[in-house]
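Open the model in your viewer and keep the sequence panel beside it. This tour tells you what to select at each stop.

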Amino acid sequence: MTEEVERDDASTDAGDGISGDRVLAVPCEGADSLALFALDTGERLGEVPVGSHPVHATTCRGRTVVATMGERAVTAVDPSGEVTRVETGVLGPSHFAAANGELYVSCSAGDALAVIDPERLTLVDRVAVGAEPHELAVSPDGTRLYSGSRREGVVDVVDTETRDRLAAIDAGDDARVQGIAVSSDGTRGYAVDQRGARVVSFETGAESGQLSVGEPISDEAAVGADPYDLVVTEGRVFVPGRGDGVVHEFDLGLEPIAVHEGFSRPVDVFRLAGRWWVLDAEASGLRSLDGERVETAAPGLVATPAGDGRLAVSHYDDDRVSLVDVDSGTVWTADSPAYPFGSVVV
């Protein structure tokens, strides 16, 4: 197993460099298990019980770590299949981020970030943040972690050396913060306000070394209805609007570039084989922003870059997983335990 591949590396397409005899590990929310597939063939390699409602996974120190939202713990699975439960002390682990040699996990029902020593597999700290934290982002130098609060509408800023909460950046009245991202130079942060159907940006203080506590947002723009996530890479900001079937494209200053229409329920955007591809939760296929289309076995809710222009797609409502090559089509499709979600290549 290796460290996970970042998809927003501006120098490569998503997932480039993944090769060899690899395994696709898929948390299956409805089966409380981690399903394992041979990446190249789709062969079922086994299933590991991991606890209640597993949703996302990451790799760290040679282990696969799974967020189990129905637990007060995360589960680590080593290459031999040995399972270790790491207590978080609060309910609802959902999303991971690695910073300063430690693993952070947002605990949405506990209003805290759990900080885990990935070597010893122990809880080393909890950081209180805004209510119902969800997605996380880390500055390029690893010194700051950003956490979005879905209930308080703020972006919390955490010092990853001291684990202190430095600031809470207000995303606006009645905001519900979902996706979080940081520009590749670390100077700007971005957040999706799901309730307000907007994307906002804020200065991180990276250039001056100073963070202005309580600094308001610097720019904002309207996006399609029911936005959930965003992608910030290569000088672009992409925000899918699930309710309107559109993808908004901006520059880093949130100046509009294009509104891409004709989708049903776009949920994510990926850079593959030189094109931008959209995952649509209500369409059995991937479609590029320039109109190319690749058929899939069923609609996909979550996907993971798998190298060489391929995407591992979780068909959540159909209990299937596929490996899709955007040049040649679906490589394989396999049945999975119930509700496959956020996979990782190990």
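With which side chain does the side chain of His-95 make a polar contact of 3.2 Å? Select Ser-94: its side chain is the partner, at 3.2 Å. A polar contact here is a pair of N or O atoms within 3.5 Å; within protein, one must be able to donate a hydrogen and the other to accept it, and residues adjacent in sequence count only if both atoms are side-chain atoms.

Before moving on, note that this is a predicted model: local features need pLDDT of at least 70, side-chain atom pairs count only at pLDDT 80 or more, and totals for chains, interfaces and linings use all residues. Residues are numbered from 1 along each chain as its sequence is written, and side-chain values use heavy atoms, with hydrogens and water left out.

**Stop 1: His-95**

Now colour strand β8, residues 93-99, which holds His-95. Strands (E, at least two residues) and helices (H or I, at least four) are DSSP runs, numbered from the N terminus. His-95 is buried, at 13% relative accessibility. Buried means under 20% relative accessible area, exposed over 50%, and partly exposed in between (1.4 Å probe, protein chains only). Next, show the residues in contact with His-95, leaving aside neighbours within four places in sequence: His-56, Tyr-104, Val-105, Ser-106, His-134, Glu-135 and Leu-136. Contact means heavy atoms within 4.5 Å.

**Stop 2: His-260**

Go to strand β23, residues 256-260, and pick His-260. Is His-260 buried or exposed? Its relative accessible area is 15%, so His-260 is buried. The side chains of His-260 and Glu-249 make a polar contact of 2.7 Å. Glu-249 is also among the residues that His-260 touches, not counting those up to four places away in sequence; the others are Gly-245, Val-246, Val-247 and Leu-289.

**Stop 3: Ala-76**

Select strand β6, residues 73-77, and find Ala-76 there. Ala-76 has a relative accessible area of 2% and is buried. Beyond four places in sequence, Ala-76 touches Arg-63, Thr-64, Val-65, Glu-82, Val-83, Thr-84 and Leu-121. Then draw a distance from Ala-76 to Trp-276. These residues are 200 apart along the chain, and their C-alpha atoms are separated by 33 Å.

**Stop 4: Ala-128**

Pick Ala-128 in strand β11, residues 122-128. Ala-128 counts as exposed, at 53% relative accessibility. Show Asp-111, Ala-112 and Arg-165, which Ala-128 touches when residues up to four places away in sequence are not counted.

**Last stop: the whole chain**

Zoom out and switch to cartoon. The protein chain has 32 strands and zero helices. Its C-alpha atoms fill a box of roughly 50 × 45 × 30 Å along the principal axes. Of the 346 residues, 57% are buried. Residues 24 or more positions apart account for 41% of the contacts with a separation of 6 or more.
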